[in-house]
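I opened the notebook to record what I looked up in this model.

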Amino acid sequence: MTDALARIHAAFADAGVTGWLHALDIDSGAQLDAGADQPVCTASVHKLCVLVALHEQAAAGVLDLTEQVECPPAGRTTGPTGVAAMLDAARLSLRDLAYLMMAVSDNAAADLLLRRVGLDAVNATTTRLGLTRTRAVHSFGQMLATIREDAGPDGARALTDPHVITRLRALDPARTNRSTPRDMTRLLGAVWRDEAGTPEHGGAMRRILGLQVWPHRLASGFPFDDVHVAGKTGSLPTLRNEVGVVEYPDGGRYAVAVFTRTAQTAATLPAADAVIGTAARIAVDALRAEGLRSEGLRAR
């Protein structure tokens, strides 16, 4: 594991990022820790917590996932994808809003779900699952509003200024939605072991996570037809994150959480995106090798 940790830190350095990672063998409990308890800004990764809370309420009969929600254009949370980017009124079920929230990180869909589920319920769910360092403090629209306020009159143009970046509340784990890499792999493990809900709801959540469309971060480290990657990204100025589960045809299941930050303010940094997949692959390879060694020792 020591060699793997050194390679992960070297990969982060080569990509020009500061990174924190936790990887977990969902079945054996073996893990790899590269800053796993560092408080981090979750950004859109926190939509995973919303998804779990939604399904918890559905399992309890508090809501019906087929319930229809009106999505008027006025007052929608902004964003570049899904309902957030649409111009006209729409009407969708809760479960279809959940699909958009996870597959394309639709901010408007996420906040419509939060309005139905409640922020307190999201925090109650993460507390129940033992995520002691995970907390939602505001909606995604409110988080974006703090960025607009902190950026000042120059708006988005100001976000290329490193001095402006330092004052963004959305980049301070003490003042925004937050977690740790270890908490996020714990949550993923609970979803994959059906501890976060019934098998029916666990299967529905795993399906949605497997439909994420972005291949440039976690999935880039596992370019194999027979390896399945399910996950959720999160992005803010200078931040690139992803948490997910990598499943191998031999039954191996590995939860990985990678959070990164860079001093560069450019919106497009391919190396910073790709290192998430690189670091995850190093971690999973190390866990798989450790598992094979343990099996060999038991066989003796």
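Which elements each supply at least two residues of the lining of the largest pocket? I found H6, strand S7 (228-236) and strand S8 (239-247). I keep in mind throughout that this is a predicted model.

**Entry 1: the largest pocket**

I looked up the volume. About 920 Å³ of space lies in the largest pocket. I then listed the lining, which comes to 33 residues. Nearest the centre of the pocket I noted Pro80, Ser235, Leu236, Pro237 and Ala267.

Which element gives the most to this lining? H6 does, with six residues. I also sorted the lining by class. I got 15 nonpolar, 13 polar and five charged residues.

**Entry 2: H6 against H4**

Helix H4 spans residues 107-117, and helix H6 spans residues 140-151. Their axes come within 8 Å and cross at roughly 125 degrees. Angles of 65 to 115 degrees count as roughly perpendicular.

Which residues make the contact? From H4 I noted Asn107, Ala110, Asp111 and Leu114. From H6 I noted Phe140, Gly141 and Leu144. By class, I have four nonpolar, two polar and one charged residues in the contact of H4 with H6.

**Entry 3: H2 against H5**

I moved to helix H2 (residues 47-59) and helix H5 (residues 119-128). At what angle do their axes cross? I read roughly 90 degrees, with the axes coming within 9 Å. H2 and H5 are therefore roughly perpendicular to each other.

On the H2 side, the contact uses Cys49, Val50, Val52, Ala53, Glu56 and Gln57. On the H5 side, I listed Ala121, Val122, Thr125, Thr126 and Arg128. The class tally for H2 with H5 is six nonpolar, three polar and two charged residues.

**Entry 4: confidence**

I checked pLDDT last. The protein has a mean of 95, and 97% of its residues reach 70 or more. Where does pLDDT stay under 50? I found residues 296-300. The model has zero contacts beyond four places in sequence for this stretch. Where pLDDT is low, the predicted coordinates should not be read in detail. I left the stretch 296-300, with pLDDT under 50, at that.

Definitions and conventions: Residues are numbered from 1 along each chain as its sequence is written. This is a predicted model: local features need pLDDT of at least 70, side-chain atom pairs count only at pLDDT 80 or more; totals for chains, interfaces and linings use all residues. Side-chain values use heavy atoms; hydrogens and water are left out. Axes are lines fitted to C-alpha atoms, for helices over the stretch in contact, and angles run from 0 to 180 degrees between N-to-C directions. Helices (H or I, at least four residues) and strands (E, at least two) are DSSP runs, numbered from the N terminus. Angles under 35 degrees count as roughly parallel, over 145 as roughly antiparallel, 65 to 115 as roughly perpendicular and the rest as oblique. Contact means heavy atoms within 4.5 Å. Ala, Val, Leu, Ile, Met, Phe, Trp, Tyr, Cys and Pro count as nonpolar, Asp, Glu, Lys and Arg as charged, and the others, Gly among them, as polar. On a 1 Å grid over the protein atoms alone, a cavity is a set of points where a 1.4 Å probe fits but cannot get out, and a pocket is an open set with protein on both sides within 12 Å along at least five of seven lines; lining residues have an atom within 4 Å of a point. Grid points are joined across faces, edges and corners, and a volume is the space filled by probe spheres set on the points. pLDDT is the predictor's confidence in each residue, from 0 to 100.
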